[in-house]
Amino acid sequence: MKVYCVLNRFLLVLSIFFAGNVQAFTGTYGINYGRIADNIPSPDDVAKLLRAEKIKNVRIFDADHSVLKAFSGTGLELVVGLPNGLIKDMSSNPDHALTWVKENVQAFLPETHIRGIAVGNEVLGGGDDQSQWEALVGAVKNIYNATKTLQIDDVVQISTAHSQGVFNNTYPPSSGNFKESVMQYMKPLLELFSQLGTPFCLNAYPFIAQKSNPSEIDINYALFQPNKGIYDQIAGLHYDNLLDAQIDATYAALEDAGFKKMEVIVTETGWPSHGDENEPAATVTNARTYNYNLRKRLAKKKGTPRRPKSVLKVYVFALFNEYMKPGPTSERNFGLFKADGSISYDIGFSGLKSSSAASSILPSKV
């Protein structure tokens with residue numbers, strides 16, 4: 001029996017090499033639904049809000065059953081998250097990974113359209129716990145093998161999102177490369193995702209880059225507003241906004257690492273509407289400008305200067321202001337919607353309305 005189990009696990013790992021591609025994203029626009037607050041609308045009301053606003057792609061940072069039940073039968077396409085705190089256990093215990101996937105994903109299919117599992121968030125390149133870095137690839141493999149065992153690997157994509165902290169250099173974009181300290185963990189992860197057809201998931205925040213270097217980064221360049229932009233002399237490409245440059249630096253880093261065909265999708269980006277004294281760019285006006293212009297940019301269904309034919313896909317951060325989040329004030333004010341479900345500012349959404357006004361909700365073009 002022991003020999004059989006070992007052989008079975010070996011075959012499951014081998015099966016990765018013959019996996020078909022799973023698409024976890026429809027269209028170009030999605031949103032992150034964080035819930036670090038106790039005053040936001042119920043999951044049922046959130047499902048109604050998302051459907052009214054025609055936002056189909058949704059990411060959550062756990063696999064909360066109240067959310068999974070509320071999204072049942074809605075047609076919303078959901079990526080659930082395996083929290084960072086579970087990565088080591090999932091890496092060392094394949095049976096635990098199987099149980100987690102069975103209880104938090106398979107049990108809700110097909111009524112709830114779970115299209116992906118994000119294994120951790122911003123694990124590599126951040127924090128001091130290198131043992132978590134080491135465990136990430138094993139956790140991804142075991143979660144994937146669990147979906148294979150449960151025969152849901154053809155509908156559920158496995159991924160993990162990275163912060164800008166994994167890069168050694170991002171300027172000019174064509175010089176993008178990964179930190180040497182990260183590469184020993186990143187390379188096997190990229191090899192695995194390349195075999196699975198999984199895109200590189202990037203959390204990109206022009207707000208953070210502009211905040212840390214305001215004298216060098218034009219605020220208009222960060223906000224998709226008219227500006228002179230930058231010219232990448234090495235690649236011969238012009239950039240009129242910072243987000244495109246951040247994405248193309250990622251493509252350059254992937255090419256440098258030997259992964260020229262891997263797609264990049266943005267799993268988090270946004271702009272806060274309020275901040276601390278040292279965050280002067282965190283204003284309602286700038287938040288509206290960034291998110292409005294981002295929607296317009298995505299509606300054009302175009303790529304970046306380096307990858308003009310790869311239509312950009314973005315999950316905006318975030319659905320609601322979350323007042324219980326730690327950190328600077330800006331962290332609690334990224335929401336497109338306030339805690340009561342009303343809009344934080346107007347970018348074409350309507351917010352939660354009474355049933356008598358529901359007919360006046362305008363459909364989104366994105």
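I began with the pairing of strand β1 (residues 29–32) and strand β12 (residues 314–316), which run parallel to each other and share three bridges. Within this pair I looked up Tyr29 and found Val314 of β12 as its bridge partner. The model is a predicted one.

I then followed the strand order. The strands form a closed barrel of eight, in the order β1-β2-β3-β4-β5-β8-β11-β12, and the pairing is parallel. From one strand to the next I read an average twist of 25°. Helix α11 (residues 284–299) packs on this sheet and touches β1, β11 (264–269) and β12. I noted an angle of about 155° between the direction of α11 and that of β12.

Next I went to the pockets. The largest pocket holds about 600 Å³ of space. I listed 25 lining residues for the largest pocket, with Gln164, Thr170, Ala209, Leu242 and Gln246 nearest its centre. Among the contributors to the lining are β6 (167–169), α8 (206–212) and α10 (242–256), each with at least two residues. By class I have eleven nonpolar, twelve polar and two charged residues in the lining of the largest pocket.

For the second largest pocket I have about 500 Å³. Its lining has 23 residues, and Tyr205, Glu268, Phe317, Lys325 and Glu331 are the closest to its centre. Helix α8 gives the most to this lining, with four residues. The classes here are ten nonpolar, four polar and nine charged. I note that α8 also supplies at least two residues to the lining of the largest pocket.

I checked peptide bonds after that. Leu109 and Pro110 are joined by a cis bond with omega of about -5°. Pro110 sits in the loop between α5 (94–104) and β4 (113–121). A cis bond also runs from Phe317 to Ala318, with omega near 10°. I place Ala318 in the segment after β12, and Phe317 is one of the residues closest to the centre of the second largest pocket.

Last, I looked up positive phi values outside glycine. Gln151 has phi near 60° and belongs to the loop between α6 (130–149) and β5 (157–162). I count Gln151 as exposed, because its relative accessible area is 66% and the cut-off is over 50%. Lys301 has a positive phi of about 50° and lies in the loop between α11 and β12.

Key
Residues are numbered from 1 along each chain as its sequence is written. This is a predicted model: local features need pLDDT of at least 70, side-chain atom pairs count only at pLDDT 80 or more; totals for chains, interfaces and linings use all residues. Side-chain values use heavy atoms; hydrogens and water are left out. Two strands pair if DSSP finds at least two bridges between them. Axes are lines fitted to C-alpha atoms, for helices over the stretch in contact, and angles run from 0 to 180 degrees between N-to-C directions. Contact means heavy atoms within 4.5 Å. On a 1 Å grid over the protein atoms alone, a cavity is a set of points where a 1.4 Å probe fits but cannot get out, and a pocket is an open set with protein on both sides within 12 Å along at least five of seven lines; lining residues have an atom within 4 Å of a point. Grid points are joined across faces, edges and corners, and a volume is the space filled by probe spheres set on the points. Ala, Val, Leu, Ile, Met, Phe, Trp, Tyr, Cys and Pro count as nonpolar, Asp, Glu, Lys and Arg as charged, and the others, Gly among them, as polar. Buried means under 20% relative accessible area, exposed over 50%, partly exposed in between (1.4 Å probe, protein chains only).
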